[in-house]
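Here are my notes on the model you sent over.

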Amino acid sequence: MAEAHQARVHVAVEEMVQSLERDHIRVMQGRMFKCSADCCDRSTDSMAVVHRCIERCHTPMAQAQGQVTAELEKFQDRLTRCTMHCNDKAKDLFDSGAKEPAVRSLMEGCVGSCVDDHINLIPSMTRRIKDNLDSIQQ
């Protein structure tokens, strides 16, 4: 993927991740740490009980990280498939005898469309992730 297209996707995804971290993940982390601290304040519990308590506190955060990672991986996979389709189209055009400038132009336009389409998917992906994060039991 051309550097400019790659940078556009990176910026858009980074803005989404920053928003999720600020508005959702950070709150969940705060709860996780407070919960863990409460577990440590139980002076009469055994070490094993305290460890289980801490593990329970970390479970929602682990679920959240897993869900965000899974969504980002799906997004990346879809974008990769789209750009692979562009590669195939460019190869087919080149194999049919087209000159390099025409192939390069096709590739640039095709990859640009992939990027545009996938950047347009970010708001719905963000909503889906937020809904999933909100549904995690704290």
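1. Ground rules. This is a predicted model, where local features need pLDDT of at least 70 and side-chain atom pairs count only at pLDDT 80 or more, while totals for chains, interfaces and linings use all residues. Residues are numbered from 1 along each chain as its sequence is written, and side-chain values use heavy atoms, with hydrogens and water left out.

2. Helices α1 and α3. Take α1 (residues 3-40) and α3 (residues 100-135): they pack at about 5°, axes 9 Å apart. That makes the two roughly parallel. Helices here are DSSP runs (H or I, at least four residues), numbered from the N terminus. Axes are lines fitted to C-alpha atoms over the stretch in contact, with angles from 0 to 180 degrees between N-to-C directions; under 35 degrees counts as roughly parallel.

3. Histidine 5. This residue of α1 is buried, at 10% relative accessibility. Buried means under 20% relative accessible area, exposed over 50%, and partly exposed in between (1.4 Å probe, protein chains only). Beyond its neighbours within four places in sequence, histidine 5 is in contact with Glu108, Val111, Gly112 and Val115; contact means heavy atoms within 4.5 Å.

4. Disulfide count. How many disulfides are there? The count comes to 4, a disulfide being a pair of cysteine sulfur atoms within 2.5 Å. Counting bonded cysteines along the chain, the pattern is 1-4, 2-3, 5-8, 6-7.

5. Cysteine 35 to cysteine 57. The sulfur atoms sit 1.9 Å apart, and the S-S torsion is about -60°, so this disulfide is left-handed. It links distant parts of the chain, with cysteine 35 in α1 and cysteine 57 in α2 (residues 47-95), 22 residues apart. Cysteine 35 is partly exposed at 30%, whereas cysteine 57 is buried at 5%.

6. Two links between α2 and α3. Cysteine 82 is joined to cysteine 114, S to S 2.0 Å, and the link is left-handed with -85° about the S-S bond. Cysteine 82 is in α2 and cysteine 114 in α3, 32 residues apart. Cysteine 86 and cysteine 110 also form a disulfide, sulfurs 2.0 Å apart. Cysteine 86 lies in α2 and cysteine 110 in α3, so this pair ties together parts 24 residues apart in sequence. Cysteine 86 is buried at 1%, and cysteine 110 is buried at 11%.

7. Cysteine 40. Cysteine 40 is in no disulfide; the nearest cysteine sulfur, that of cysteine 39, is 6.6 Å away. Cysteine 40 counts as exposed, at 52%.

Notes
Parallel < 35°, antiparallel > 145°, perpendicular 65-115°, else oblique.
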